[in-house]
Amino acid sequence: MPMLLGLGFMILTCLILAALALKGSVIFMIVALICGGIAIGLLIPSTVIGGMGSVLPERVGVAIGVFFTFGFLGNAFGVAIAGSLMGQDYIATGFRYAMLVDAVLAAIATIFCFKLPKYNAGKRLTPSLPGE
C-alpha cells in the first residue's frame, strides 16, 4: 500500500511539474515539491523492504548492493535522459516532455505493483534452504 500511494504521489508530482512548464507558479512548485517529498518518503522504504524480504537472509548483503547499484545507475541515466529531452526544443518544452515521460513510467510501475506477491508477515516468499 505505501508503494502504491508513493507512486500515486510521484505521478501527481510529475504532472504538476509538466503543467508548470507551461505557466510557472510558486504555489504549484511548492505543492509539487511537497508531493515529491512524500512520494520519495513512501517509495524508498517500501522498495528496500520489498527487495530485502524477497531474498534469503544469507543473500541480503548482495541484494542490497544490487538494489542500490541499479538505483544509482537509474539516477545517473535518468538525469542524462531528462537532459537530452530538455535539450530538444526550448527548455520548458523539453522539461514538460521529461515530466510526462516520468509520469508514464510511474504509471507503468504502478501497474507492475499489482502483480507483486502479497506479503504475509512471518512467511518467507522464497523457498527455504535444504535442512531448514
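Which backbone oxygen lies 3.1 Å from a polar atom of the side chain of Ser-46? It is the backbone oxygen of Leu-43. The model discussed here is predicted. Its chain contains four helices and zero strands, and the order along the sequence reads α-α-α-α.

**The chain as a whole**
- Of the 132 residues in the chain, 22% count as buried.
- The chain exposes about 9000 Å², and carbon and sulfur atoms supply 76% of that area.
- Among contacts between residues at least 6 apart in sequence, 64% join residues that are at least 24 apart.

**Helix α2 and its buried residues**
- Helix α2 covers residues 26–53.
- At 1.5 Å a residue, the 28 residues of α2 should span 40 Å; the C-alpha atoms at its ends are 41 Å apart, so the two values agree.
- The buried residues of α2 are Ala-32, Cys-35, Gly-36, Ala-39, Leu-43, Ser-46, Val-48 and Met-52.

**Ser-46 in helix α2**
- Ser-46 is located in helix α2, and it counts as buried because its relative accessibility is 16%, under the 20% cut-off.
- A polar atom of the Ser-46 side chain lies 2.8 Å from the backbone oxygen of Leu-42.
- The corresponding distance to the backbone oxygen of Leu-43 is 3.1 Å, and Leu-43 is itself listed among the buried residues of α2.
- When neighbours within four places in sequence are left aside, Ser-46 is in contact with Pro-2 and Met-3.

**Thr-13 in helix α1**
- Thr-13 is found in helix α1, which comprises residues 2–20.
- With a relative accessible area of 6%, Thr-13 falls under the 20% cut-off and is therefore buried.
- The side chain of Thr-13 reaches the backbone nitrogen of Gly-36 at 3.0 Å.

**Leu-73 and a nonpolar surface patch**
- Leu-73 lies in helix α3, which runs over residues 60–86.
- The relative accessible area of Leu-73 is 38%, which lies between the 20% and 50% cut-offs, so this residue is partly exposed.
- Leu-73 contributes to a nonpolar surface patch of about 600 Å², together with Val-62, Val-66, Phe-70, Phe-77 and Ile-81.

How values were computed: Residues numbered from 1 in each chain as written. Predicted model: local features only at pLDDT ≥ 70, side-chain atom pairs only at ≥ 80, totals over all residues. Heavy atoms only, no water. Helix = DSSP H or I, 4+ residues; strand = E, 2+ residues; numbered from the N terminus. Buried < 20%, exposed > 50% of the residue type's maximum accessible area, 1.4 Å probe, protein only. Polar contact = N/O pair within 3.5 Å; in protein donor to acceptor, adjacent residues only side chain to side chain. Contact = heavy atoms within 4.5 Å. Patch = residues over 30% accessible without salt bridge, like charges linked within 9 Å, V, L, I, M, F, W, Y side chains within 5 Å. Areas by Shrake-Rupley, 256 points an atom, 1.4 Å probe, with all protein chains shown as cover. Salt bridge = Lys/Arg side-chain N within 4 Å of Asp/Glu carboxyl O. Expected span 1.5 Å × (residues − 1).
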